[in-house]
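Please keep the sequence and the model in view while reading.

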Amino acid sequence: MEVDLPRYRIAAIPGDGVGPEVHAAARSVLEAAANALEFGIDWTEILAGGAAIDAYGVAIRPEDVATAEATDAILLGAVGGPKWDDPTAKVRPEQALFALRGGLGLFANLRPVAVHPAIGAASSPLRPELVARVDLLIVRELTGGLYFGDRTEAAVGGTDRSAVDTLPYSEVEIRRVVGLAYGLARQRRQRLTSVDKANVLATSRLWRRIVEEMRSDYPDVETSHQLVDSCAMLLVKDPARFDVLVTENLFGDILSDEASMIAGSLGLLPSASLGERRTAHGTFGLYEPIHGSAPRMTGLDIANPIGTILSAAMLARWSLGREDAAAAIEAAVVAALDAGFRTADILPAEGDRSGVTAVGTTGMTQAVLDRIGVGEAVA
Ligand code: IPM
Ligand code: MG
């Protein structure tokens, strides 16, 4: 008897540099989970970033943004590279990210930092006892602030040059991301740290006032405020104290790179960018590793695919409503790490490599694939 398997639509944006390599890795892992759990995926390929600049002269075509919007989720590798790096160019690869984030209303960027004990101890520049038990989630506002405010570029040449960036935030923008962060804190350890610079910035004072107004709606969550500079210090001094951090766009960009070092490598960390739009299965979103396109690693089969593979797990959870697939992928990643597989970025120092197998992008992907569909997650 022919049975109709559930099917989901995903926009595939491999991008530039190591993007296509890590994207292919995550795609194969998601396909393996789909096979094991009997669902199907229809992929739609989209060019964005440098690849699109070369093909079409723009970082992403409006019709491709529309195509992406008509799917259940977007899985993105990374964009950018030296070839398109001229800071004065009118067309830049990052514009694709802003077109997708802004154009599709993806206002909340979730960047979880959880530490695998063996990796944190061996690869984090912080002392093992500091990184043990770290499990935090940065919720970064993604469609406002300095990234989307008006700006005036400096004139080319001349003397006494000046430039202006502006940092706008509205109540609506603050409320929706803080509300989402509160909801997530409720499902975790019920602690929310709102990060701002209220001693200097008007937008931060508005942000703080709104968090104060909202906190009584979440009496079960312990709310605190932290200035961004002292938050940056505390992330190094005592990262285990944090549960959910919520903050504006630029602060979140900076703090999430800092926090990635707690886990041991930028290559390990996933992200989800969510908006308000619901699909038939969940919340529409864009999923990408937090690392960039790493041009110098391109084509060498050395990039760590785990950040993108874990992004695919978040995609399954949030946009497809497939907690089973998300759990299977996450369990397979942990099992591959437990078995000692290590890409170069998380390889322990020589002399400290007993039980460790050094692998490249494809080797790590295979190690994860070999562990999909086993264990309790796929009963
Ligand atoms: C990120 C990246 C981007 C950002 C760059 C590539 C524009 O650093 O996703 O964190 O600043 O948002
Ligand atoms: Mg960044």
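## Histidine 23

In which helix does histidine 23 lie? Histidine 23 belongs to helix α1, residues 19–37; helices (H or I, at least four residues) and strands (E, at least two) are DSSP runs numbered from the N terminus. The model is a predicted one, in which local features need pLDDT of at least 70 and side-chain atom pairs count only at pLDDT 80 or more, while totals for chains, interfaces and linings use all residues. Residues are numbered from 1 along each chain as its sequence is written, chains are lettered from A and ligands numbered from 1 in the order in which they are written, and side-chain values use heavy atoms, with hydrogens and water left out.

With a relative accessible area of 3%, histidine 23 is buried (under 20% relative accessible area; exposed is over 50% and partly exposed in between, with a 1.4 Å probe and protein chains only). Neighbours within four places in sequence aside, histidine 23 has contacts (heavy atoms within 4.5 Å) with Ala12, Ile13, Pro14, Leu75, Leu76, Gly77 and Thr308.

## Helix α4

Helix α4 spans residues 94–103, and its buried residues are Ala96, Leu97, Leu100 and Arg101. These residues lie on the same side of α4, because they cover an arc of only 120° around the axis; the arc is that of the directions from the helix axis to the C-beta atoms. An α-helix has 3.6 residues a turn, so residues three or four places apart point the same way.

The cover over the buried residues of α4 includes β1 (7–15), α3 (62–69), β3 (73–78), β4 (108–114), β5 (135–141) and β12 (283–289). After α4 comes glycine 105, with a positive phi near 65°.

## Ligand 1

The residues around ligand 1 (a heavy atom within 4 Å) are Glu94, Leu97, Phe98, Arg101, Arg111, Arg140, Tyr147 and Asp253. Helix α4 gives the most to this shell, with 4 residues.

An N or O atom in the side chain of arginine 101 is 2.7 Å from an oxygen atom of ligand 1. For tyrosine 147, the corresponding distance to a ligand 1 oxygen is 2.6 Å.

## Helix α9

In helix α9, residues 228–237, the buried residues are Val228, Cys231, Leu234 and Leu235. They line one face of the helix, because they fall within an arc of 110° seen down the axis of α9. The buried residues of α9 pack against β5, β8 (191–196), β9 (222–227), β10 (244–247) and α10 (249–263).

Terms used. A polar contact is a pair of N or O atoms within 3.5 Å; within protein, one must be able to donate a hydrogen and the other to accept it, and residues adjacent in sequence count only if both atoms are side-chain atoms.
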